[in-house]
Each structure stands twice: as C-alpha cells, then as structure tokens.
Amino acid sequence: ENYTARYTLSLHDALPIYAGEPADAHDAVVAVVLGEGDGAELCTGTAIGPYAVVTARRCVGEGPLHVVSGDDARFGRWHEVESVLDGGALSVLVTRTPLEQAASPGFEAVLEDDAVTVVGMGISGPGGSEIGVRRQAEMQVAAVREDALWTRSDGGSLCYGDVGAALLDADGRLLAVASPRDEGCTRTELVRWIRVVSEQRFLEDAREARPVDAIPIQDPPTG
C-alpha cells in the first residue's frame, strides 16, 4: 500500500545523519513511524526476516505503528505492524505484509578501529531537511563492550543516524542498532549502539516471526 505524505513526521526522537549520501543499496533499512498526523514520530529499523523489523525498544510506544519501506518515507510502501516482540534494548516489529529485502544479523566479533557503514532515515541537514529519506555515512568503531559499541565519524562532518539506525559491516550484515543516550548532536560526540550479538537468541527466533494470517512466501533476498 503506497501513501503520499500520509503523515507529517515530527523531529521528536529523530537523530540526524548530516552530510551523508543517499543509501539506495540498503533496502532492508526502513522507516518506523509511531502515531498519526502531526504528532507522528520517526525512527529507523532494519528488516531481518520476511515480516520482522528490528529497532531500538525506545521507538515502540502507544499508538499506531507502521514500517515504511523505500528510500523516502513520504512515498514508500506502508506496512501495518501486527505485533511487537520485546527483547532487552531491542524490539522486533512483525508486519502484516511481507517486506521486500532483509539483512542478515552479524554475530561476529567487532574490533576497535573497524570501518562501518551507518544507514538511517533521519534528518540530512540543518532545519530538518529531507527527514524520512534514507542516507548512509561511514564511521569508525571507537570502543567495544559485550553488549554495546561506540562509533565516531571519521571525517568529523557527521553526527548519527536515527534512533534504531543500522550499523552494517562491509558485507551488509547488521552489527548493531543505534541507541544514543540523548538527542544532542555534535561532531565529536561518540554514538552508542546496541550490538545484535547481545540479543542473539531473541533475534534468531524473532526473525522467523509471521503474522497470524501470513501467506506462504519465499524469504526476501538478503543484502
């Protein structure tokens, strides 16, 4: 189902990727919209199965919840969320309709100084320009802990992606989900991410979730 400018996306909880590039190659990264009308809030999620989208748990709240696939949430395909599965710091949204693309979770080791790609649906410039447009930027891993990691922008010109944004390795595997501690944005600030390996068992089960009336389909391509 396609909607043009269905909701006005607010800037609340939308954490920007500044000066990034259009991310046409990462179709598994989608918008997550909570609420309706002028009060709708925007996050980012990543499809990890035919009906399963992982995002930060803080992106889930009261009100209608939708996933929007496509590189621009204003003109993308809207998927109603049937149910929400909660892990620890992560949640998986189960959509009523199948998703076009999925990413594989990356449970491998992550090392300091690794180069990674950040993909999100947030603001791309001052004044909230291009909110809801998928963009990407390159970052570097600054520190790694068992359940979290931190990145910094290599060039100093980027901030961070939306809450729930995807941190991908060179093969497009999902390594972590953005969960910054506040909504501030400076060029030198470290960005906090929840490592998917910290919730591996939950995600392995949740990515197989289906809606109650799901029709048999092939799994979406990964990449």
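How many salt bridges does a search of the whole structure find? The search finds nine. Keep in mind that this is a predicted model. Let's work through some of these pairs together, and then visit a residue in a strand.

**Exercise 1.** Find the distance between aspartate 72 and arginine 74 in their salt bridge, and decide how accessible each partner is.

*Solution.* 
Step 1: Look at the two side chains. They meet in a salt bridge, with 2.6 Å from N to O.
Step 2: Check the distance against the cut-off. A salt bridge needs the nitrogen within 4 Å of the carboxyl oxygen, so a pair at 2.6 Å qualifies.
Step 3: Turn to accessibility. Aspartate 72 has 11% relative accessibility, and buried means under 20%, so aspartate 72 counts as buried.
Step 4: Arginine 74 has 39% relative accessibility and counts as partly exposed.

**Exercise 2.** Which parts of the chain does the pair of arginine 96 and glutamate 80 link?

*Solution.* 
Step 1: Start with the bridge itself. The side chains of arginine 96 and glutamate 80 meet at 3.5 Å, N to O.
Step 2: Place each residue. Arginine 96 sits in the loop between strand E7 (90–95) and strand E8 (115–120), while glutamate 80 belongs to strand E6 (residues 77–86).
Step 3: The two residues are 16 residues apart, and the pair links distant parts of the chain.
Step 4: Arginine 96 is partly exposed, at 39% relative accessible area. Glutamate 80, at 41%, is partly exposed too.

**Exercise 3.** Describe the salt bridge of aspartate 171 and the network around it.

*Solution.* 
Step 1: The partner of aspartate 171 here is arginine 173, and their closest N and O atoms are 3.4 Å apart.
Step 2: Salt bridges with shared partners join Glu108, Asp169, Asp171 and Arg173 into one network.
Step 3: Aspartate 171 has 57% relative accessibility, and exposed means over 50%, so aspartate 171 counts as exposed.
Step 4: Arginine 173 is partly exposed, with 28%.

**Exercise 4.** Is leucine 90 buried or exposed, and which residues is leucine 90 in contact with?

*Solution.* 
Step 1: Find leucine 90 in strand E7.
Step 2: Its relative accessible area is 0%, so leucine 90 is buried.
Step 3: Leave aside neighbours within four places in sequence. Leucine 90 is then in contact with several residues, among them Val54, Ala56, Val177, Ile194 and Phe202.
Step 4: Take one of these, valine 177. Valine 177 and leucine 90 are 87 residues apart along the chain, yet their C-alpha atoms are separated by 8.0 Å.

Terms used
Residues numbered from 1 in each chain as written. Predicted model: local features only at pLDDT ≥ 70, side-chain atom pairs only at ≥ 80, totals over all residues. Heavy atoms only, no water. Buried < 20%, exposed > 50% of the residue type's maximum accessible area, 1.4 Å probe, protein only. Helix = DSSP H or I, 4+ residues; strand = E, 2+ residues; numbered from the N terminus. Contact = heavy atoms within 4.5 Å.
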